[in-house]
Every structure is written in structure tokens, then in C-alpha cells.
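The sequence and the model are shown first, and the description follows.

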Number of protein chains: 2
Amino acid sequence: MSKTYHHGDLPKALIAAASAIVEEAGVEALSVRAVAKRVGVSPGAPFRHFASRDALLAAVAGQAMERLATAVEAGQLKTDADPLEQIRMIGTAYLRWVAEHPTQFAIISQRNLVPLEGTARKQNDAIRDRMMALLTMARSHGHLRHDADPAAVLLSCRALVYGLSRMLIDGHFPEWSPEGDPLDWMQRSLDHFIRDLRPGPGQEAGE
Amino acid sequence: MSKTYHHGDLPKALIAAASAIVEEAGVEALSVRAVAKRVGVSPGAPFRHFASRDALLAAVAGQAMERLATAVEAGQLKTDADPLEQIRMIGTAYLRWVAEHPTQFAIISQRNLVPLEGTARKQNDAIRDRMMALLTMARSHGHLRHDADPAAVLLSCRALVYGLSRMLIDGHFPEWSPEGDPLDWMQRSLDHFIRDLRPGPGQEAGE
DNA sequence: TCCAGATGTAATCGGTGATTACTTCTAACC
DNA sequence: GGTTAGAAGTAATCACCGATTACATCTGGA
């Protein structure tokens, strides 16, 4: 018989199947039995490798998290560019990935559901540290208002992008931007925000 | 016997019990049976008043939503104040309520889980319209950069406050602001954001 | 008074996460 | 190369859940 008793790499197959189910039918549709059935294994088999449904979900989330981090890292290429422009690129890559993989983002966003750890944790920290470095650089180059607090600005950047992302997957855009593509609005919001960080040419305020 | 066969007002009691359970043990701990047991009624009884678990949850959410909207409305008193300051007050009231009622906020944030309707819907629209009016007013008074797009700024305001709120309940603050009270950081982020909307005194950029 | 409809009960179904005892296979060791 | 320890998968089972149905009970208006 071609099918061996032991599955080649059940954990990997389980994560893949679970990812597929989540992608197709949402997080709430994920059940251990469904995953087992999809892989063609008994309902209890997954518990040999994942202690609980949440553990399986965490594995799926970990994978998704690394993908998001990788996409964001890929988004920031030109290292010699203006610091705030680099931050804008990071945010843009983030927003784009979320728009392309809404259900995956829905899983990874809740830390209480899925703790941040491993490779994803490191990538996340690296991105945050890079943003902080970019902001302090921007400040020292005079690209930020002179009285700006980089830590507060960092939090605002993160909150804005995260907020836009969650608004998208939580279905808030019909309320807050009735017309047009949500992704366009998200981009516009981000651009506006970054521009307002600069002390720049809004000076002749009176029109 | 003091206990009548018919419950006085079961729907209300069910919502109250459900709210309590959610407040105590989180959304995922909410089950129809648990609510029924808490009220002291048979497991199937709630279905006479709520077609499904989600319908019960929606009722709880609707109540929570009205409370949030009311809190926000209560936060904006001084009508003659500077428009951006008024927006800041709205955001502040929002953040404060979220920090005080995190689990309730967790329910009401997902529109796919709980559609926005009824009184809450009207309140929500009213707040959004008020914010839009404040922003256009701010722009015409020269309190916004002259090339600002009120619609984009509105979205940014909303996204920032919503993002901060979700970061709080999703447990992101340990990553993004290691020290200090999250609510303080949220407030600081909002203040910074509002201030950066002004064309104001950041002009002498070089320090 | 009495009956119709509203309200709560009891029993039940299918699905789920999780645990257990058991079977089957793999791989390392002498 | 045969034996065996343990990893991996199976099957049966438990308790819980949402939901449905048939039935019992109460309430208020004609």
C-alpha cells in the first residue's frame, strides 16, 4: 500500500491544513476534527503534536506572523532614503499585506490568543527598533517638529497603521469612509499622517 | 411559593447575566447554558427570546455600544472650545472608556460579529458627523494645514484612537511601550497627534 | 370562566475539545 | 539481523455546547 501508517510530517501537514481552513472559512471555522479530516487522519491524532486547539492555532499564527514581518522587511529597501519616507514604506507594506491576508491578520493580532514568540518575536522587535532609530534620525535631521517625542510618535505610527488594519478586518470602513477602496483610504490616511509629522511647508497656514 | 413559573423579565435578566459573564471571564466564556444557569432557568429557555448565542451577544454588545457612545458624548461639553481641542476630548473620552471596560469593547469592535444598528448606530453616526464638522471648521479657521483633507484626517483620528484601543485589549503595549501606564501612553500619543495636525509653532524646525 | 398565546421545561441531536487505552510502525542498539 | 523501546496514529469515550422539538405551565383578555 502506498499509504504508510505513519504520516510523513503530520505537524507540518496539520499547520498547512489549518491555515487553509482559516483562509477559506475564517478563524471560528477551525476545529481539530476538521483539520484531522482534511489531512486524512483520526480526530485524536493532532493532539499528539498540539496540546490543544489553541496550540494549533498558535502555530498557524506564528507562521502568518513571520510572513507579515517578512513582507514588511521586504517593503523597506532603499536605506538611504528620507527616514520618514522609510517609515511610510514600512506602514504601506504592512497595510498592503493585511489587505491581502485579512483572515491571517485576524489571528495574529490578538496576543492573548496567540503569544508573540520565536522568530516572529525577533522580527517584530527588529522592525520596532528600526522604526525608533528612523524616528530619532528624522528628529536629529530636522524632519520632525523640534519638540516631538520619538517614543510617542512611534506609538502613534504603530497605532495608526494597526488601527487602520483592524478597522478593515472588523468591518468599520463602511461607516468611516463610505466611498472608494478601503486600501486607498488607508494609504491616504497614512500619507497624511506622515506628512503632518514634518515641520514642513504647512507654515503659510492662512491659505 | 415566591418563585413564579414565569420569570419577571427574562430578556433583561439574560442580558445582565451575559454581560456579567463576559465582564468576568471574557467573550469566549459566554455560553447560552451558562447564562441560563446563572439566571436559574432551563438551558433552552433563552432561545425563546434570543434566536442564537450570537443574538444574545449582539444584545449585550448593543448595550455596551450605547454606553460607549454616551460616554463619548458626555466627554465633549464645552461647545465653544477650539475644534481640534474638542476632537481631542472626544478621543480622550473614548480611550478612557475602553481602558475602563476592555471586555465590553472587545465585543463591540467586531462588526461582523455584531452589526451596528439601532440607537447605537445613530449615536455613532452623530459622533462621526460631529467630528467631520469640527474638522472642516478647524480647517476654515486655519487650525489645520491649508492643504489638509478633512476626510483623510477624520479617518486618521478614528484609526489612531481605535488602534490604541485595540492595542490595549489585544495586549500589544508590552511590545510598543515597555514602561509606564498604557493609558498615559495612549493619551500622550493622541495629544501628540492632535498637535501635529496644527500648522502651528513647529515652524522653527532647526531647534 | 375559559381558552389562546406566550413562556419555560425536558429530552434530544449533532458537533466539538479533550482524554484514555490500545494498536502499529520506526529506528536504534546489541 | 533480530529485538525492543518509544514515537505515532487509532478508536472509544466523556463532558460541554448550540440548537430544535414536543410538552407543560402560566397569564391576560373576551
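Which side chain of chain A meets B:Asp170 in a salt bridge? In this predicted model, the partner is A:Arg166, with N and O 3.8 Å apart. Side chains of opposite charge can pair when their charged atoms come close. Across the interface of chain A and chain B, 10 salt bridges are found, and the count over all chains comes to 30.

**The interface between the chains**

Contact between the two chains involves 53 residues of chain A and 53 residues of chain B. The area buried between chain A and chain B is about 4900 Å², and carbon and sulfur atoms give 58% of that area. Between the chains there are also 26 residue pairs in polar contact, both residues being at pLDDT 80 or more.

On the side of chain A that touches chain B, at least two residues come from each of helix H6 (118–140), helix H7 (150–170), helix H8 (173–176) and helix H9 (182–197). H7(A) gives the most to this side, with 16 residues.

**The largest pocket**

The largest pocket has a volume of about 1100 Å³. Its lining consists of 30 residues, of which A:Val27, A:Gln110, A:Leu113, B:Gln110 and B:Leu113 are the closest to the centre. Two or more lining residues come from each of helix H3 (53–75), helix H5 (102–109) and H7 of chain A. On chain B, helix H3 (53–75), helix H5 (102–109) and helix H7 (150–169) likewise give two or more residues each.

**A salt bridge within chain A**

A:Glu85 forms a salt bridge with A:Arg88, and their closest N and O atoms are 2.9 Å apart. Both residues lie in helix H4 (residues 83–100) of chain A. A:Glu85 and A:Arg88 are three residues apart, about one turn of the helix.

Definitions and conventions:
Residues numbered from 1 in each chain as written. Chains lettered and ligands numbered in written order. Predicted model: local features only at pLDDT ≥ 70, side-chain atom pairs only at ≥ 80, totals over all residues. Heavy atoms only, no water. Contact = heavy atoms within 4.5 Å. Buried area = accessible area lost by both parts, 1.4 Å probe. Salt bridge = Lys/Arg side-chain N within 4 Å of Asp/Glu carboxyl O. Polar contact = N/O pair within 3.5 Å; in protein donor to acceptor, adjacent residues only side chain to side chain. Helix = DSSP H or I, 4+ residues; strand = E, 2+ residues; numbered from the N terminus. 1 Å grid on protein atoms, 1.4 Å probe; cavity = no way out; pocket = protein on both sides within 12 Å on 5 of 7 lines; lining within 4 Å. Points joined across faces, edges and corners; volume = space filled by probe spheres on them.
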